[in-house]
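Hi everyone, thanks for coming. Let me put the sequence and the structure up on the screen, and then we'll walk through them together.

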Amino acid sequence: MMNKFTFIAQYKGGTYISQYDADNLTDAVFSWANNLDLQYFKAKEIKEIQEKFRDEDFLPIPVNDVVHVWCGAISACGNFLIVNIVKTA
């Protein structure tokens, strides 16, 4: 059964929200990273973000005391990116 994951990303003063259906958190993170929009991110930024989020050693960590919520943060092209993920369905 597929689950819906909502991604709330904050980067360079913008907030970007998207949803992906996936079997699990890892697949959802890969889908999100593979579908970053050139409208909001430069190609160089996308490449760096994808490399970091596609690393199987990197997974967002669970948020304490909240069910089905994770957070991940990286530096990309000298800018801070934080991604909150909520399993919404």
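**Aromatic rings and a sheet**

Let's begin with the side chains: Phe-7, Tyr-20, Trp-32 and Phe-53 make up one aromatic cluster. Please keep in mind that this is a predicted model. Searching the whole structure turns up six aromatic pairs. One of them is Phe-7 with Trp-32, a stacked pair with 5.7 Å from centre to centre and 5° between the planes. If those two numbers are new to you, a pair of aromatic rings is described by the distance of the centres and the angle of the planes.

Where in the chain do Phe-7 and Trp-32 sit? Phe-7 belongs to strand β1 and Trp-32 to helix α1, so to speak two distant parts of the chain, 25 residues apart. And are Phe-7 and Trp-32 buried or exposed? Both Phe-7 and Trp-32 are buried.

Now for the sheet. It is open and has five strands in the order β2-β1-β5-β4-β3, with antiparallel pairing. At the edges you find β2, residues 14-22, and β3, residues 61-62, each pairing on one side only. Strand β1, residues 3-11, pairs with β2 in the antiparallel sense over nine bridges. Within that pairing, Phe-5 has Tyr-20 of β2 as its bridge partner, and Lys-4 stands opposite Asp-21 in β2. The two strands β1 and β2 form a hairpin with two residues between them, and Lys-12 in the turn has a positive phi of about 50°.

Technical notes: Residues numbered from 1 in each chain as written. Predicted model: local features only at pLDDT ≥ 70, side-chain atom pairs only at ≥ 80, totals over all residues. Heavy atoms only, no water. Pairing = 2+ DSSP bridges. Helix = DSSP H or I, 4+ residues; strand = E, 2+ residues; numbered from the N terminus. Phe/Tyr/Trp six-rings, centres within 6.5 Å; stacked < 30°, edge-to-face > 60°. Buried < 20%, exposed > 50% of the residue type's maximum accessible area, 1.4 Å probe, protein only.
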